[in-house]
Amino acid sequence: MSIEQRRDQLLDAALAIVVSDGHAAVTMGSVAARADVTRPVVYGVFADRAALLAALLDRESAAAAKQAADVVSGDVDAVLGADLPVFVERFLRAVHEAPARWFCIVMPVTGMPAEFHAARDAVRNRIVERIAAAVRRRARDADAQLVAEMIVGMLEWAARTTLAQPDDYPPERFAAAFAPVAALLEAVDA
């Protein structure tokens, strides 16, 4: 196994532990056990727990930012109109593609360090600002920041719901539910 593959294997194990048992449960020994390797293998890739957790934060925050950017790519104004159901479905499909990552972002996880919250908030703030800018262009009288926060809040709620009950709340169901909201947003432009 290459060093990059081993690194990913160990980070995947650490992420699984964070989701199942919380941040504090991530130790070099627990990662080794989850990855079915010895502790020296873990120490061969990461100097210590702090380095492992820093690498996990870097990897997951970068991947979440990329997924979010891919979902919001293109015309954000269209997302606030007729394309909203498509956007919602694409976002929730991204959540389904990486449930452990998004679980850490939208669900409460015990013992998460301040650095994690700062990275998560930075990604969230970039998304809110992009949506707020689109709201300002579409409806000059609207409180764009508040509207953007409400939209992101709805998406976070949808992600939590679909993660908790994926069979009852698949992405298509949310997309269909957002269709009337899209119609209302389109009416704002009329």
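**Close-up views of a predicted helical model**

**View 1. Buried residues of helix 6.** In helix 6, the buried residues are Leu84, Pro85, Phe87, Val88, Phe91, Leu92, Ala94 and Val95. An α-helix has 3.6 residues a turn, so residues three or four places apart point the same way. Helix 6 covers residues 84-97, and its 14 residues should span 20 Å at 1.5 Å a residue. The end C-alpha atoms of helix 6 are 20 Å apart, which agrees with that expectation. As in the other views, the coordinates shown are those of a predicted model.

**View 2. The whole chain.** The protein has 10 helices and 0 strands. Read along the sequence, its pattern is therefore α-α-α-α-α-α-α-α-α-α. Along the principal axes, the C-alpha atoms fill a box of roughly 65 × 30 × 30 Å. Of the 190 residues in the protein, 39% are buried. The accessible surface comes to about 9,700 Å², and carbon and sulfur atoms account for 58% of that surface. Among contacts with a separation of 6 or more, 65% join residues 24 or more positions apart.

**View 3. The largest pocket.** The largest pocket holds about 570 Å³ of space. Two or more lining residues come from each of helix 1 (3-21), helix 4 (49-72), helix 6, helix 7 (99-106), helix 8 (114-138) and helix 9 (144-164). Helix 4 gives the most to the lining, with 11 residues. In total, 34 residues line the pocket, and those that lie nearest its centre are Ala64, Cys104, Ile105, Phe116 and Arg120. By class, the lining has 25 nonpolar, 2 polar and 7 charged residues.

**View 4. Helix 8.** Helix 8 has 25 residues. From its first C-alpha to its last, helix 8 reaches 36 Å, close to the 36 Å expected at 1.5 Å a residue. The buried residues in this helix are Phe116, Val123, Val128, Ile131, Ala132, Ala134, Val135 and Arg138. One of them, Phe116, is also among the residues that lie nearest the centre of the largest pocket.

**View 5. Glu60 in helix 4.** Glu60 is found in helix 4. Its relative accessibility is 10%, so Glu60 counts as buried, the cut-off being under 20%. Leaving aside neighbours within four places in sequence, Glu60 is in contact with Leu15 and Arg101.

**View 6. Arg160 in helix 9.** Arg160 is placed in helix 9. With a relative accessible area of 30%, Arg160 is partly exposed. Apart from neighbours within four places in sequence, Arg160 is in contact with Val106 and Met107. Leu92 is 68 residues away from Arg160 in sequence, and the two are 9.9 Å apart in space, C-alpha to C-alpha. Leu92 is one of the buried residues in helix 6.

**View 7. Asp36 in a loop.** Asp36 sits in the loop between helix 2 (28-35) and helix 3 (39-45). The phi of Asp36 is near 60°, a positive value in a residue other than glycine. Most residues other than glycine have a negative phi. Asp36 has a relative accessible area of 70% and is therefore exposed, the cut-off being over 50%.

Note on methods:
Residues are numbered from 1 along each chain as its sequence is written. This is a predicted model: local features need pLDDT of at least 70, side-chain atom pairs count only at pLDDT 80 or more; totals for chains, interfaces and linings use all residues. Side-chain values use heavy atoms; hydrogens and water are left out. Helices (H or I, at least four residues) and strands (E, at least two) are DSSP runs, numbered from the N terminus. The expected span of a helix is 1.5 Å times one less than its number of residues. Buried means under 20% relative accessible area, exposed over 50%, partly exposed in between (1.4 Å probe, protein chains only). On a 1 Å grid over the protein atoms alone, a cavity is a set of points where a 1.4 Å probe fits but cannot get out, and a pocket is an open set with protein on both sides within 12 Å along at least five of seven lines; lining residues have an atom within 4 Å of a point. Grid points are joined across faces, edges and corners, and a volume is the space filled by probe spheres set on the points. Ala, Val, Leu, Ile, Met, Phe, Trp, Tyr, Cys and Pro count as nonpolar, Asp, Glu, Lys and Arg as charged, and the others, Gly among them, as polar. Contact means heavy atoms within 4.5 Å. Accessible areas come from the Shrake-Rupley method with a 1.4 Å probe; for residues, only the protein chains shown count as cover.
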